Amino acid sequence: MSKSKRIAAIDWMRGFVMILMVVDHVSMAYNARHNSSDSAALYVSGSPLPDLEFFVRWISHLCAPVFVFLAGTALAISIERKVSRGIDSWQVDKDILMRGAFIALLDPTIISLFSGRMTIQVLYAIGVAMMCMALFRRFSNTFLMVSALAWICLGELLTGMFWPPQESIESIFAALLISTYATPSMVIKYPLLPWLSVMMLGWVFGRYLLSYKDGNTRIGPVSLLLTLGVLSLTAFLAIRYNNGYGNMFLYREDNSWQHWLHVSKYPPSASFIFLELGVMSVIMAMMIWLERLVGDRPNGVLLVFGQTAMIFYLVHRLVLEGSATYAGLRHFSDLKTSIIISAVMLMLLYPFCLWYRGYKAKHVHSIWLRYL
């Protein structure tokens, strides 16, 4: 484990999925054949899942779970350190609530403006889940883990009551909490409760890292992550093999690799969450091992992107959505062109994020920069 206060591998993991996110968001904005059938409400039975289009979309599924999980991890580390320093409990809660509200409001305001319609997506889920942690931070790790796993495993029962996709029943209120909603003027794809469960697990992991650093647990992060990764992937395989409950109504139609991986992201099924958190755990274990072996470069691409994730997200998302909506570039290209554009955008984002990280470090007392 690194002796520094910040574990570089966590930033590497976040930076890695930010790169995948750019590829997906460029394809979403510009690629006329972008595959987005990862919901029972969007997929038409028997529709083809072209190899490359499907794979490029599928690898991006890792982004949101990692983003939310590590948001919980980073928040837990920050808050638990403040508590250990004796900072007033109300001040801690106020900081969490203000930061969460700021992030959540980005979706219905600036993101929606550039998208040309009301867009309630991952920033809403992260922000409101963060606000909920002002309460849930007071509970034990056991309570948080049991609550999170209970929703992941049982939430489909409640979702099915209010959102049976075969009946085309959509509700804005249900979508904000447990399901999904889409019209030409509004889209809600990230319901609070399933993503709150992911943040809770991330919070517990943040507490574990602090405990490990203090010498209070003998289980190392590599061993823990590999064990959790294997268990999570085993749960995914069992659910997907059974092909019934746990797939959020998006079932495997054959034994092709596409249909094994064609899991529901909107809303997230148990198979989706176990698959993505399992993959994340294995990759992050490898990154922690690699960090021990080779150390980290202060200006490494993954590190820089990981440490500037929020501004990275906002800049690239606004550029893409704004140009697609107001410059007539929506779905003007194909996948190959989208990948080339992604590479160019990443090359431009790196010096910007490097500059922003330095600027933020020189203005540590700025409230708004702290949220970004």
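Here is a short tour of a predicted model, stop by stop.

**Stop one: a packed helix pair.** Select helix H3 (residues 63-84) and helix H4 (residues 89-115), whose axes lie 10 Å apart at an angle of about 155 degrees. Angles over 145 degrees count as roughly antiparallel, and H3 and H4 therefore fall into that group. Now show the side chains where they meet: Leu75, Ile79 and Lys82 on H3, with Val92, Asp95, Ile96 and Arg99 on H4. Four of these contact residues are nonpolar, three are charged and none is polar.

**Stop two: Ala148.** Jump to helix H6 (residues 141-162), where you'll find Ala148. Is Ala148 buried or exposed? Ala148 is buried, because its relative accessible area is 0% and anything under 20% counts as buried. Leaving out residues up to four places away in sequence, Ala148 touches Ser197, Met200 and Leu201.

Start with Phe55 and Trp58, three residues apart in helix H2 (residues 51-59). Phe55 is partly exposed, at 36% relative accessible area, while Trp58 is buried, at 15%. Next, pick Tyr190 and Tyr266: their ring centres are 5.8 Å apart and their planes sit at 80 degrees, so this pair is edge-to-face. Tyr190 is in the loop between strand S3 and helix H8, and Tyr266 in the loop between helix H10 and helix H11, so the pair ties together parts 76 residues apart in sequence. Both are buried, Tyr190 at 6% and Tyr266 at 4%.

**Last stop: a ring cluster.** Select Phe69, Phe205, Tyr208 and Tyr212, which ring pairs join into a cluster.

Definitions and conventions
Residues are numbered from 1 along each chain as its sequence is written. This is a predicted model: local features need pLDDT of at least 70, side-chain atom pairs count only at pLDDT 80 or more; totals for chains, interfaces and linings use all residues. Side-chain values use heavy atoms; hydrogens and water are left out. Helices (H or I, at least four residues) and strands (E, at least two) are DSSP runs, numbered from the N terminus. Buried means under 20% relative accessible area, exposed over 50%, partly exposed in between (1.4 Å probe, protein chains only). Contact means heavy atoms within 4.5 Å. Axes are lines fitted to C-alpha atoms, for helices over the stretch in contact, and angles run from 0 to 180 degrees between N-to-C directions. Angles under 35 degrees count as roughly parallel, over 145 as roughly antiparallel, 65 to 115 as roughly perpendicular and the rest as oblique. Ala, Val, Leu, Ile, Met, Phe, Trp, Tyr, Cys and Pro count as nonpolar, Asp, Glu, Lys and Arg as charged, and the others, Gly among them, as polar. Rings of Phe, Tyr and Trp (its six-membered ring) pair if their centres lie within 6.5 Å; planes under 30 degrees apart count as stacked, over 60 as edge-to-face and the rest as tilted.
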